Amino acid sequence: MFPAPIDLPSLQHELLDIPSPAQLGGARPSTHAPRFLLLYGSLRERSYSKLLTEEAARLLVALGGEARIFDPHGLPLPDDAPDTHPKVQELRELAQWAEGMVWCSPERHGAMTGIMKAQIDWIPLAIGAVRPTQGKTLAVMEVSGGSQSFNAVNQMRILGRWMRMITIPNQSSVAKAFLEFDDAGRMKPSSYYDRVVDVMEELVKFTLLTRDVAPYLVDRYSERKESAEELSKRVNQRAI
């Protein structure tokens with residue numbers, strides 16, 4: 001045990017916020033349907049990441065949410081077009097609209113696809129002093145043509161943390177995806193499908209739990225020390 005009072009000479013005590021249950025329960029609960037943006041990482045005509053994303057979107061709607069899927073066709077490579085490009089603007093507006101996200105990528109050469117990464121790279125860490133993804137929930141899924149793997153979902157978890165998102169514990173990895181969908185593009189009954197249901201249930205629960213208190217959850221001592229102008233300058237440094 002440390003003796004009281006605790007000596008913290010480097011701390012600005014007036015800026016320290018001591019968390020309490022009251023601060024986490026003080027907001028009036030939102031009544032609108034939770035809003036979800038879903039991204040997939042393939043442009044193929046029969047894209048299994050797209051089919052899995054569509055199945056996830058149906059489940060989110062059945063669970064009481066509102067789901068929108070971004071079509072990556074026509075999205076330029078990062079830095080190959082200005083951020084005023086219509087597809088970039090569409091993606092960024094959806095990212096700000098959403099309260100939670102689903103990222104679904106094929107695994108290609110042991111990693112997520114460049115198409116998946118390009119979408120995430122076009123979502124800025126900050127617009128002014130506002131971070132469009134901070135404090136929002138995230139679920140990750142992947143499909144593969146061979147045996148089950150977790151390389152893509154593990155990479156996307158790292159990206160979710162970098163984007164300051166609340167990445168839920170559960171995830172989905174569908175092996176031999178070409179066997180898991182019928183000719184109409186619907187996912188067949190299986191343990192893989194059951195896991196997708198689990199993931200979407202968990203995503204909705206975490207979103208309902210955190211969306212009204214997300215600003216408080218990500219409120220930081222270090223940033224309270226900065227002025228709004230200093231914060232804006234720091235988070236908008238041009239990427240190298």
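Contact, as the word is used in these legends, means that heavy atoms lie within 4.5 Å of each other.

**Figure 1. Overview of the predicted chain and its contacts.** The model shown is a predicted one, and its chain holds nine helices and six strands. Taken along the principal axes, the box filled by the C-alpha atoms of the chain is roughly 65 × 40 × 35 Å. When contacts between residues at least 6 apart in sequence are considered, 77% of them join residues that are at least 24 apart.

**Figure 2. Burial and accessible surface of the chain.** The chain has 240 residues, of which 42% count as buried. Its accessible surface comes to about 13400 Å², and 55% of that surface belongs to carbon and sulfur atoms.

**Figure 3. The crossing of helices α2 and α6.** Helix α2 spans residues 48-62 and helix α6 spans residues 191-210, and the axes of the two come within 10 Å while crossing at roughly 50°. Angles from 65 to 115 degrees count as roughly perpendicular and those under 35 degrees as roughly parallel, and α2 and α6 are therefore oblique to each other. The crossing of these two helices is right-handed.

**Figure 4. The residues that join α2 to α6.** On the side of α2, the contact is made by L52, E55, A56, L59 and L60, while α6 contributes Y193, V196, V197, M200, L203 and V204. Sorted by kind, the residues of this contact divide into 10 nonpolar and one charged, with no polar residue among them.

Definitions and conventions:
Residues are numbered from 1 along each chain as its sequence is written. This is a predicted model: local features need pLDDT of at least 70, side-chain atom pairs count only at pLDDT 80 or more; totals for chains, interfaces and linings use all residues. Side-chain values use heavy atoms; hydrogens and water are left out. Axes are lines fitted to C-alpha atoms, for helices over the stretch in contact, and angles run from 0 to 180 degrees between N-to-C directions. Helices (H or I, at least four residues) and strands (E, at least two) are DSSP runs, numbered from the N terminus. Angles under 35 degrees count as roughly parallel, over 145 as roughly antiparallel, 65 to 115 as roughly perpendicular and the rest as oblique. A crossing is left-handed if the near helix is turned anticlockwise from the far one by less than a right angle, and right-handed if clockwise. Ala, Val, Leu, Ile, Met, Phe, Trp, Tyr, Cys and Pro count as nonpolar, Asp, Glu, Lys and Arg as charged, and the others, Gly among them, as polar. Buried means under 20% relative accessible area, exposed over 50%, partly exposed in between (1.4 Å probe, protein chains only). Accessible areas come from the Shrake-Rupley method with a 1.4 Å probe; for residues, only the protein chains shown count as cover.
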